[in-house]
Amino acid sequence: MLWFPAPGSATGEDVAELHVHGSRAVLAALVARLAAVPGLRPADPGEFTRRAFENGKLDLTEAEGLADLIEADTEMQRRQALRQLQGLLGHRAEAWRQRIISASALIEAGIDFSDEGDVPEELLAPALREIAALRDEIDAVLGAAGQGERLRDGLVVTIAGPPNAGKSTLLNRLARREAAIVSPYAGTTRDVIEVHLDLIGYPVALIDTAGIRDTDDPVEQEGVTRARARAASADLVLWVTDATRDSEASQSVPSGLNATVWAISNKIDLMGRPRPLAEPSREATFAISASQGEGLDQLITALGAFAQKYFGGESALLTRERHRVLLRETSRALTAALQSAGKGEEIVAEELRVATHALGRLTGRVDVEDVLDKIFAEFCIGK
């Protein structure tokens, strides 16, 4: 038994930890004994972390970082979550909040000393300069293209193309297991098959789809509809064709897709002659043999480079849409404050109060009961 007295514990409260043998019988006996003690109950999901937040041990962004760390599947997700847990966004947001408070103090002083001639003007000008600089800094963070959210969600790569082109074989090769049924008959894949990969530390959702063609089979029609939808919503589409079929080999990549599209010419082992490999580009072309593994190293290398560029390195400050919404609200309030400079110091002060409140909600320094239950419900029991 270890005893951690308040306020030095992780939650800021008195905490006792029992370290016991891990067999099910021992744990069951211990839990039964504890359940008989008056006043004791099992912890709710996220309750320890919530108590740490309520006792000032963590701010809300750090608690979210801990939740992301628990759920991290890849090395890059772990690093991003750890940076948030260590206060990357929370400390920055608190510094921004203090700068707004300082500007507000100047504005309020101008209001209090409005009868002192030119004093209000002398106080307003430096406050407006600070507000403008802060607004530009927050807008720069908002313009970072959301790579933090992308790293949490993962890169979506859809394998699409006509039937029997080797899409499922390619999925199995990339996944390094038999995730999809492979058959020489067209139309084997009827539904969407999704596999999650760790690609040089980045999370990737690899999706195999039904062969896209005209068909009278209602089940296959539904598969084709889903295939088109997943290709339209993907970040990268690998359009696979059969190199042995002249009609498919000459088929161009379909237009109308918002995603980056790479043309994959498969089954080159059946051609009797090698195909040159193009350098990766926005519409790269790769000649491979999914069944024999030929050309797959180049494709995997290109996929890794694409993922690294897509996620934008490790500088992401915002990792959730909640962060982005509140910073947009802060930026709008600061812009309104600047535009209200000629309408009176009272209006400027009110807009700065709105901006301060938005940043306070980001870190949990003001009432955020509407989001607390949702955030801490994501934690596992006992964390």
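Helices and strands here are DSSP runs, numbered from the N terminus. With that in hand, let's look around this predicted model.

**View 1. Helix α8 is mostly covered.** Welcome to α8, which spans residues 167-175. Eight of its nine residues are buried: Lys167, Ser168, Thr169, Leu170, Leu171, Asn172, Leu174 and Ala175. What covers them includes the strands β3 (155-160), β4 (193-199), β5 (202-208) and β6 (236-242), along with the helix α11 (296-311). Look just past the end of α8 and you will find Arg176, which has a positive phi of about 60 degrees.

**View 2. The largest nonpolar core has 33 residues.** Leu170, Leu238 and Trp262 touch the most other members of this core. Two or more residues come from each of β3, α8, β4, β5, β6, β7 (260-266) and α11. The biggest giver is α11, with eight residues. In general, nonpolar side chains tend to be buried together in soluble globular proteins.

**View 3. Leu238 and the residues it touches.** Leaving aside residues up to four places away in sequence, Leu238 touches Val157, Thr158, Ile159, Ala160, Leu170, Trp262, Ile264 and Leu303. Elsewhere, a second, separate core holds 27 residues, including Ile100, Val141, Leu334 and Ala349.

View 4. To find Leu18, follow the loop between β2 (15-17) and α1 (24-35). Leu18 counts as partly exposed because its relative accessibility is 37%, between the cut-offs of 20% and 50%.

Technical notes:
Residues are numbered from 1 along each chain as its sequence is written. This is a predicted model: local features need pLDDT of at least 70, side-chain atom pairs count only at pLDDT 80 or more; totals for chains, interfaces and linings use all residues. Side-chain values use heavy atoms; hydrogens and water are left out. Buried means under 20% relative accessible area, exposed over 50%, partly exposed in between (1.4 Å probe, protein chains only). Helices (H or I, at least four residues) and strands (E, at least two) are DSSP runs, numbered from the N terminus. Contact means heavy atoms within 4.5 Å. A nonpolar core is a set of buried Ala, Val, Leu, Ile, Met, Phe, Trp, Tyr and Cys residues joined through side-chain atoms within 4.5 Å.
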